[in-house]
Amino acid sequence: MIDPDCQAEIWSDTFSKKKMNIDPTQHDLLLTEPPLNPRTLREQNNELVFEKFQFRSVAYRTSAELVSFNLAFDPARKLSSSCVLVVDVGFSFTHAVPIYKHVPIRDAIRRVSVGGKLMTNYLKELVSYRSYNMMENTYLMNHIKQDLCYVSKNIMEDLRKSSESNKRLRREYVLPDFVNSMDGYVRSVDTPPKMGEQILVLQNERVAVPEVLFHPSDIGMKEGGIVDAVIQAVESSPAYLRPSLYAN
């Protein structure tokens, strides 16, 4: 939490009669936080939880811990859930978190400085350079990223497809005009464009943007990607847990 006043306003609206309609003094609170979150931020948050809203209690967990609990109750899962490695792609960072019996191995957690925010900003730059200026449309570009970008299983093959004459990677996104429509949408390639529509075309950007998760050096960052983080996290864990971590 960076701005306590803003957070208090959001929570007040969330817990109000129009939304969740709860009395915090009669409830306990579960909050997620990033791995290795500074204690000072938790203390600042506690002031809001107990002094402002007066919750009965609060528990802090990382999203990786909650994933490990969820796996424990998955009847279809064949592997053990007591020892897992969770890759958590967040807003600002990506973490590789080894977990044993639902407790993170703190000294083995590794971070990559790539998250959803950076990928959205990278897509904005690519689109603004090649097509429309979208640098001020973060919210819209985030939706376009979620609708059209994907992690490639074979990046070189997909890039080759994007350069072929049939444009197999090509997708068209109809931008909102903010008069008749406030949301954009992916247009079917078989549908002729309507009069006055602004069409944003994405091709190799669809795979190039998520690829930054694996190769941050593509945009000049001097660090390894997810694969490096996973290997370092496992190899920094106790030796007897490593086979199980790799298996999970």
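Contacts between residues 24 or more positions apart make up 60% of the chain's contacts with a separation of 6 or more. The model is a predicted one. Its secondary structure consists of nine helices and nine strands. Of the 248 residues of the chain, 36% count as buried, and the C-alpha atoms fill a box of roughly 60 × 50 × 40 Å along the principal axes.

- Strand β1 (residues 28-32) runs parallel to β2, and five bridges join the two.
- Within this pairing, Asp-28 stands opposite Ser-57 in β2.
- The two faces of β2 can be told apart: Val-58 and Tyr-60 form the covered face, while Ser-57, Ala-59 and Arg-61 form the uncovered one.
- Strands β3 and β4 run antiparallel and are joined by seven bridges.

- Helix α3 spans residues 63-72, and its buried residues are Ala-64, Glu-65, Ser-68 and Leu-71.
- These residues lie on the same side of α3, because they cover an arc of only 120° around the axis.
- The packing partners of the buried residues of α3 are β2 (57-61), β3 (83-89), β4 (94-100) and β5 (103-104).

**The sheet of β7, β8 and β9**

- Three strands form an open sheet in the order β8-β7-β9, and their pairing is antiparallel.
- Strands β8 (185-187) and β9 (199-202) are the edge strands, each of which pairs on one side only.
- On average, neighbouring strands of this sheet are turned by 40° against each other, with direction ignored.
- Strand β7 (residues 171-174) is joined to β8 by three bridges, and the two strands run antiparallel.
- Tyr-173 has Val-186 in β8 as its bridge partner.
- Helix α5 (residues 138-148) packs on the sheet and touches β7, β8 and β9. The direction of α5 makes about 145° with that of β7.

**The contact between helices α4 and α5**

- Two packed helices are described by the angle between their axes and the distance between the axes.
- For helix α4 (residues 116-130) and α5, the angle is about 100° and the axes are 9 Å apart.
- The angle therefore makes α4 roughly perpendicular to α5.
- On the α4 side, the contact is made by Gly-116, Met-119, Thr-120, Leu-123, Lys-124 and Val-127.
- On the α5 side, Thr-138, Met-141, Asn-142, Ile-144 and Lys-145 take part.
- By residue class, the contact of α4 with α5 comprises five nonpolar, four polar and two charged residues.

- Val-207 belongs to helix α7 (residues 205-208).
- The relative accessible area of Val-207 is 0%, so this residue is buried.
- Apart from its neighbours within four places in sequence, Val-207 is in contact with Tyr-150, Ser-152, Ile-155, Asp-158, Leu-159 and Leu-169.
- Asp-158 lies 49 residues from Val-207 along the chain, and the C-alpha atoms of the two are separated by 7.5 Å.

How values were computed
Residues numbered from 1 in each chain as written. Predicted model: local features only at pLDDT ≥ 70, side-chain atom pairs only at ≥ 80, totals over all residues. Heavy atoms only, no water. Buried < 20%, exposed > 50% of the residue type's maximum accessible area, 1.4 Å probe, protein only. Helix = DSSP H or I, 4+ residues; strand = E, 2+ residues; numbered from the N terminus. Arc of directions from axis to C-beta. Contact = heavy atoms within 4.5 Å. Pairing = 2+ DSSP bridges. Axes fitted to C-alpha atoms, helices over the stretch in contact; angles between N-to-C directions. Parallel < 35°, antiparallel > 145°, perpendicular 65-115°, else oblique. Nonpolar A, V, L, I, M, F, W, Y, C, P; charged D, E, K, R; others polar.
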